[in-house]
Amino acid sequence: MTRETIKENQVEEENITPRLQMVAWEITRSCNLLCAHCRSSSTAGAYKDELSTEECLRLIDRIVEVGKPVLILTGGEPLLRQDLFQIAGYAVRKGLRVVMGTNGTLITADIAAKLKETPISRVAVSIDFPTNELQDKFRGKAGAFEAAVSGIARLRQAGVEVQINSTITRLNVKYLNELLELALEAGAVAFHPFMLVPTGRGKGLETVEMSPEEYEQTLNWVYDRQKELGSSIFFKPTDAPHYQRIVRQRSSRTNPQEALLGERSATRARKNALDSMTRGCLAGTGFCFISHRGRVQGCGYLDVEAGNIRDKSFGEIWMNSTLFRELRDLSNIKGKCSICEYKMVCGGCRARAYESTGDYLEAEPYCIYEPAKLQKNR
């Protein structure tokens with residue numbers, strides 16, 4: 001093999017070919033709650049310049065030109081948007097699998113029936129504490145916990161698949177087992193622990209953000225519970241790309257059969273992107289975020305604009321924006337992430353790097369792992 005061929009192969013290994021798997025779309029920033037961790041600092045009332053119904057339908061047309069990703073309708077609180085079902089129904093007819101993220105407090109029996117009819121394939125309800133008092137305080141409104149639990153029950157009665165999302169900080173990490181039990185009792189198919197990225201109103205939680213060591217412990221808890229519960233519920237840590245490293249490290253310590261089972265349960269690649277974990281950070285490679293005003297980002301926490309769909313087509317932004325092209329070239333990543341043997345499957349959280357350093361290509365600041373090259377040098 002020539003030196004030129006080796007160099008070409010290295011370049012290919014450093015570049016990720018984009019494949020659009022999921023799009024999270026903030027169809028409104030309005031919200032009926034005032035949650036402590038909210039990345040968008042959402043409040044009640046109308047927001048100026050939100051995408052019109054016509055712009056939303058046109059955006060869906062542009063998305064399907066690129067691929068058939070899972071479309072995640074989020075907010076704010078998406079149920080506050082009057083044309084939600086029109087937009088969701090149009091996306092479904094265009095061949096997209098549509099899911100929704102909600103605080104769950106506005107789900108009546110009628111709303112649940114409409115979600116099933118559309119159909120919204122899955123609804124993710126955010127619950128961060130297993131008790132009324134703590135959840136209501138965190139969500140900024142009395143009765144939020146009971147309303148969300150009732151909403152989940154109505155979704156299940158209507159036959160809508162439910163997922164539980166929990167943003168994890170030092171405030172609630174001790175309740176992880178109770179939150180998981182709540183998800184199991186509710187009949188949820190998935191439990192997604194979100195590792196806090198302190199943006200928006202979430203900056204107020206910086207003092208209770210977990211340490212890198214606590215992140216590691218939490219992700220190992222996820223691995224243990226996934227292995228224990230198998231296919232009964234799917235765990236997907238979010239904003240925690242180094243979970244991919246932990247899966248591989250833990251699997252390699254067991255015998256081959258157990259390793260295979262652990263890998264399958266922890267990275268279960270089913271028919272859709274919601275139930276698979278192909279890589280850690282998917283920003284710009286398999287995932288993007290679209291704001292209520294058409295701003296395209298790597299994710300909702302990475303506050304860097306790739307482009308705006310009011311100025312350019314979605315396809316042009318996805319394929320050619322500077323941000324996404326930089327994120328796909330892993331040779332751009334800096335610090336210890338640049339030499340880490342898990343770089344391809346992890347990549348580090350680009351949003352957390354950006355919030356910590358102002359540079360989204362810097363090393364993931366909440367990973368305790370020391371790459372093999374550093375260990376060898378020392």
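The model is predicted. Its secondary structure amounts to 14 helices and 10 strands. The radius of gyration is 20 Å, close to the 21 Å that the globule rule gives for 378 residues, so the protein is as compact as a globular protein of that length.

**Overall form and surface**

- The C-alpha trace of the protein extends over about 65 × 45 × 40 Å along its principal axes.
- Buried residues make up 57% of the 378 residues of the protein.
- When contacts between residues at least 6 apart in sequence are considered, 72% of them join residues at least 24 apart.

**Pocket and cavities**

- Rolling a probe the size of a water molecule over the atoms shows where empty space is left.
- The largest pocket holds about 240 Å³ of space. It is lined by 15 residues, and those closest to its centre are Arg29, Arg39, Arg295, Gln297 and Asp303.
- The lining of this largest pocket comprises six charged, seven polar and two nonpolar residues.
- Four cavities of 30 Å³ or more are found when the whole structure is searched.
- The second largest cavity contains about 120 Å³ of space. Its lining consists of 14 residues, with Cys337, Cys340, Cys346, Gly348 and Cys367 nearest the centre.
- By class, the lining of the second largest cavity has seven nonpolar, four charged and three polar residues.

**Backbone geometry**

- Most peptide bonds are trans, and most residues other than glycine have a negative phi. The residues below depart from these patterns.
- Gly75 and Gly76 are joined by a cis peptide bond, with omega near 20 degrees. Gly76 belongs to the loop between strand E2 (70-74) and helix H3 (84-93).
- The peptide bond between Thr118 and Pro119 is also cis, and its omega is about -5 degrees. Pro119 is placed in the loop between helix H4 (109-117) and strand E4 (122-126).
- Ser41, a residue other than glycine, has a positive phi near 50 degrees. Ser41 is found in the loop between strand E1 (22-26) and helix H2 (53-66).
- The relative accessibility of Ser41 is 30%, so this residue counts as partly exposed.
- Asp49 is likewise not a glycine, yet its phi is positive, at about 65 degrees. The loop between E1 and H2 is also where Asp49 lies.
- Asp49 is exposed because its relative accessible area is 52%, and the cut-off for that class is over 50%.

**A covered helix**

- Helix H9 spans residues 243-252 and is mostly covered, with eight of its 10 residues buried.
- The buried residues of H9 include the charged residues Arg245 and Arg250.
- An α-helix has 3.6 residues a turn, so residues three or four places apart point the same way.

Technical notes
Residues numbered from 1 in each chain as written. Predicted model: local features only at pLDDT ≥ 70, side-chain atom pairs only at ≥ 80, totals over all residues. Heavy atoms only, no water. 1 Å grid on protein atoms, 1.4 Å probe; cavity = no way out; pocket = protein on both sides within 12 Å on 5 of 7 lines; lining within 4 Å. Points joined across faces, edges and corners; volume = space filled by probe spheres on them. Helix = DSSP H or I, 4+ residues; strand = E, 2+ residues; numbered from the N terminus. Rg over C-alpha atoms; globule rule 2.2 N^0.38 Å. Buried < 20%, exposed > 50% of the residue type's maximum accessible area, 1.4 Å probe, protein only. Contact = heavy atoms within 4.5 Å.
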